[in-house]
Amino acid sequence: MTVFLHEMRQNAKMLAVWSVVIGGMVVLCVAMFPDISAQSEDFTAMFASLGVFTEAFGMDQLSIGEPLGFFGVECGAVLGIGGAFFAAYLGVRMLSKEESEHTAEFLLTHPVSRAGVVAAKLAAVVVCIVLLNAFVAACSVASFAAIDEAIDWEPFWLFLGAQALMQLELACVCFGASAVLGRGSVGVGLGFAALLYFANIVANLSENAEWLRFVTPFAYTDAADIITDVALDPLLVGLGMAYAVVGLAVAFVVYARKDVRA
């Protein structure tokens, strides 16, 4: 519990900043909807002229003239990229920072097992991600209420839930990498998140790259699929959770045996 509380205190400022930034950008996006909806025909025609990129971002299935369609296209991009970077950054630093910041000797001399350290740090990662998503969800709901727009709540919550699962998967995979890496882990984590985001775009653009959907967690957060089908793809979600479990297994096994540099 001491390690968990310490990590929550250390990450409180970062959590607050990321929450305000992502939540604030979502609020600004939703605030733009009344103006966008008034010109939805012009915007729809413009997006239709983008060719394959229209399908890549789901704009062939969603209408930005509708509240939920606009939220999925515009706010989904903000939440997807911002949330992924936050989760990757948080996960990949959690164990490696003890070496890069030379605090491992102080931590590991305390009466707590390495497995206990990993479990406490993992709990802090999960709680931070849950708090971030709770804040963003509250901002989203309040924003729609402020502009007096009614939306279909089931796909709305499914979409936000998929975003949270994606962040948890990324955090767990990066958490495993954190046990292996030392210095320079932050760049690896952020680069990995960006790579997976663009892998999903490539998968949507080319039929020959559809196999990437089974690799990137952004595949099951696709707003067009979730809002249209009102469901998550069980296969993609299952694969994502399997990758997360592998990442956690690596974290516990490697950190327990690792010669941690003080």
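Which residues touch the most other members of the largest nonpolar core? I'll get to that after a word on the model.

What you see is a predicted model. The chain has an average pLDDT of 84, and 83% of its residues score at least 70.

Now the layout. The chain has 12 helices and 0 strands. It is 262 residues long, and 47% of them count as buried. Take the contacts between residues at least 6 apart in sequence: 79% of these join residues at least 24 apart. The accessible surface is about 12300 Å², and 67% of that belongs to carbon and sulfur atoms.

Back to the opening question. The largest nonpolar core holds 66 residues, and the ones touching the most other members are F71, F86, L90 and F175. Several helices each supply at least two residues of this core, among them α1 (2-31), α8 (114-146), α10 (185-205) and α12 (234-257). Helix α5 gives the most, with 14 residues. As background, nonpolar side chains in soluble globular proteins tend to be buried together.

What does F175 touch, leaving out residues up to four places away in sequence? Its contacts are G91, V92, M94, L95, V118, K121, L122, V125, L248 and A251. You can find each of them in the structure above.

Conventions:
Residues are numbered from 1 along each chain as its sequence is written. This is a predicted model: local features need pLDDT of at least 70, side-chain atom pairs count only at pLDDT 80 or more; totals for chains, interfaces and linings use all residues. Side-chain values use heavy atoms; hydrogens and water are left out. pLDDT is the predictor's confidence in each residue, from 0 to 100. Helices (H or I, at least four residues) and strands (E, at least two) are DSSP runs, numbered from the N terminus. Buried means under 20% relative accessible area, exposed over 50%, partly exposed in between (1.4 Å probe, protein chains only). Contact means heavy atoms within 4.5 Å. Accessible areas come from the Shrake-Rupley method with a 1.4 Å probe; for residues, only the protein chains shown count as cover. A nonpolar core is a set of buried Ala, Val, Leu, Ile, Met, Phe, Trp, Tyr and Cys residues joined through side-chain atoms within 4.5 Å.
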